[in-house]
Amino acid sequence: MTKDKPILVTQSSLPPFEEYCKEIAGIWETRHLTNMGPKHNELEVGLGKYLGVDNVTLYTNGHLALENMLEAYGVTGEIITTPFTFVSTTNAILRSGLMPVFCDVKEDDYTINPEKIEDLITDRTSAILAVHVYGNVCDDDVVSKIAKKHNLKVFYDAAHAFGVRKNGVSVATYGDCSMFSFHATKVFNTVEGGALCYKDGAMKPVLDSYKNFGLDASKDYSVMGGNAKMSEFHAAMGICNLRHLDGEILKRKRVFGIYASAFDGVEGIKVCVPPADVEHNYAYMPVLFTGAFNRDDVFDALAKENVFARKYFYPLTNRTTWFRKNFVTTQPTPVAEFVSDNVLCLPMYAGLSDGDAERIADIVLKSAKHRREVL
Ligand code: T4K
């Protein structure tokens, strides 16, 4: 443990160098670099097995996967979503010419509050796009029931929820379609990348076409697609990382355990402890600070010690400069606002040592004492 080396909020998982080299070596024979090559296809099959779904389409990143999903499913008008997420979720809705309608989140896990959804439904609503934020699982039973009653599509931004299961069932099976991000900062990465997992097999050629300029099986262009294909080098990284994923999640779980026990019972610190029926992926380490603790003070105290936590997700997506410039009003979401103002994501990654996690927890705990002395 060295205080000189900065500790960042996360650190990408990488396979052994030799393993990746071996995985890509064949590409020098085939010269097949992109456009749905063998690595791409192998990863699609591997992910289907790992996530327990029949239908997977890979993308160049998670954001374009979201945009392709909204377009391919033909949703219109208003989409009910939450503002406590990365700006990508809201931007995907807006960039698709749709209107986000913001629902508040639950106090316990910051996912969509299903009790607040029905009041937001109008005759223009066509879908719900909920977010498994930090890998915390949305209440799909209730969300889907409401959607069925009002004939709405159900989409999940599952960017944070790779590998998460509830009652043994993968969250990738929820709703009509779920998006996963494979960005370098995610539990499972392909450097850049993403995927859609979906129920209806008939959507496979449609989604495959949207990501490839609209090209279809008859070599015609039947939809107005773009370019969102995953390259062979990215897919090869995914194939390697998938082999090591369970071990990486176990290491993250250990880091979570160190933080959780250091903060256990401390007034003013709230950690999201996964419910017993959830196999979590420990993607992030969000901690909510109140009372003797102040989020910004904790952030500063850590930065002074060369530890760089992040204020994911501040500002809310409906409080950004762009959003305020373009929209005069937005739906009130007081819980999301409170969480956004008080939550901090502490460093969380498989390679974080026990000693560093203990030191970080210690700095956090001492920052409250410091604040009391100052006051
Ligand atoms: N929906 C949700 C809910 C999302 O969270 C995201 C992405 C998306 C949709 C869209 O998915 P993608 O299109 O990205 O696949 C990061 C990521 O760029 C973004 O993928 C992620 N969410 C968002 C929450 O965080 P930054 O601006 O925080 O990244 P950056 O560069 O500051 O990196 C954070 C830390 O990660 C660094 O301090 C060190 C470490 N890192 C970073 C990179 C880039 C590495 O160890 N290796 C790396 O290569 O946005």
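## Largest pocket

The largest pocket of this predicted model holds about 450 Å³ of space. Of its 27 lining residues, F86, S181, H183, T185 and K186 are the closest to the centre. The lining divides into twelve nonpolar, twelve polar and three charged residues. Because domain 1 (17-240) and domain 2 (244-374) both give residues to the lining, the pocket lies between them; the domain bounds come from an automatic or database assignment.

## Cysteines

The count of disulfides (pairs of cysteine sulfur atoms within 2.5 Å) is zero. The sulfur of C21 is too far from the closest cysteine sulfur, that of C240 at 9.2 Å, for a bond. C138 is in no disulfide either, with the nearest cysteine sulfur, in C103, 10 Å away.

C21 is partly exposed at 31% relative accessibility, while C138 is buried at 1%. Here buried means under 20% relative accessible area, exposed over 50% and partly exposed in between, with a 1.4 Å probe and protein chains only.

L43 is part of helix 3 (residues 38-51) and is buried, with 1% relative accessibility. Neighbours within four places in sequence aside, L43 is in contact (heavy atoms within 4.5 Å) with L58, F188, T190, M230, A235, G238 and I239. A235 is 192 residues from L43 along the chain, yet their C-alpha atoms are separated by 6.2 Å.

## Basis

Residues are numbered from 1 along each chain as its sequence is written, and side-chain values use heavy atoms, without hydrogens and water. Local features need pLDDT of at least 70 and side-chain atom pairs 80 or more, whereas totals for chains, interfaces and linings use all residues.

Technical notes
Helix = DSSP H or I, 4+ residues; strand = E, 2+ residues; numbered from the N terminus. 1 Å grid on protein atoms, 1.4 Å probe; cavity = no way out; pocket = protein on both sides within 12 Å on 5 of 7 lines; lining within 4 Å. Points joined across faces, edges and corners; volume = space filled by probe spheres on them. Nonpolar A, V, L, I, M, F, W, Y, C, P; charged D, E, K, R; others polar.
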